[in-house]
Amino acid sequence: MHEYSIAYDIVVTAKKAAIENNAKYISSIYVDFGELSIINPEQVEFLFDTIIEDEPLFQNTKLISTIVPPLTRCRCGYEGNEIYVCPKCGELPVIEKGKEIVVTRIEVETD
Ligand SMILES: [Zn+2]
């Protein structure tokens, strides 16, 4: 189950950031899901909630997911969201972004 390891990685990343910042608890975690990643954000959110159940740092922590459209580039200079055919020259564009899942921001509460 790929979603589980992603949810787990998010928890580990947030926990590390919280400890480094002497946080009392983590309020929100923002995650970008590339549209081309074959990951279901809802399932990640569900698994995330299961993992954090017994974690004191994660009390009412919100996982905020954003679906990010792909970014592609072509040799001809095209830059956009087309992943199969370059609208300018018909070549196959190179996918620069859109497959990855990235934690973009972690909000914590301190004293
Ligand atoms: Zn092109």
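Trainee: What does the secondary structure of the protein come to?
Mentor: Two helices and six strands, where helices (H or I, at least four residues) and strands (E, at least two) are DSSP runs numbered from the N terminus. This is a predicted model: local features need pLDDT of at least 70, side-chain atom pairs count only at pLDDT 80 or more, and totals for chains, interfaces and linings use all residues. Residues are numbered from 1 along each chain as its sequence is written.

Trainee: Switching to the helices, at what angle do the axes of H1 and H2 cross?
Mentor: Roughly 55°, with the axes of H1 (residues 2–20) and H2 (residues 41–51) coming within 8 Å. Axes are lines fitted to C-alpha atoms, for helices over the stretch in contact, and angles run from 0 to 180 degrees between N-to-C directions.

Trainee: Which residues in H1 meet H2?
Mentor: Glu3, Tyr4, Ile6, Ala7, Tyr8, Ile10 and Val11 in H1 meet residues of H2 including Leu47 and Phe48; contact puts the C-beta atoms, placed from the backbone, within 7 Å.

Trainee: Now the sheet: what is the strand order?
Mentor: E4-E3-E5, an open sheet of three strands with antiparallel pairing. Strands pair if DSSP finds at least two bridges between them.

Trainee: And which are the edge strands?
Mentor: E4 (79–80) and E5 (94–97), each pairing on one side only.

Trainee: How many bridges join E3 to E4?
Mentor: Two, with E3 covering residues 71–73. Arginine 73 has glutamate 79 in E4 as its bridge partner.

Trainee: Last one, what box do the C-alpha atoms fill?
Mentor: Roughly 55 × 30 × 15 Å, taken along the principal axes.

Key:
Contact = placed C-beta atoms within 7 Å.
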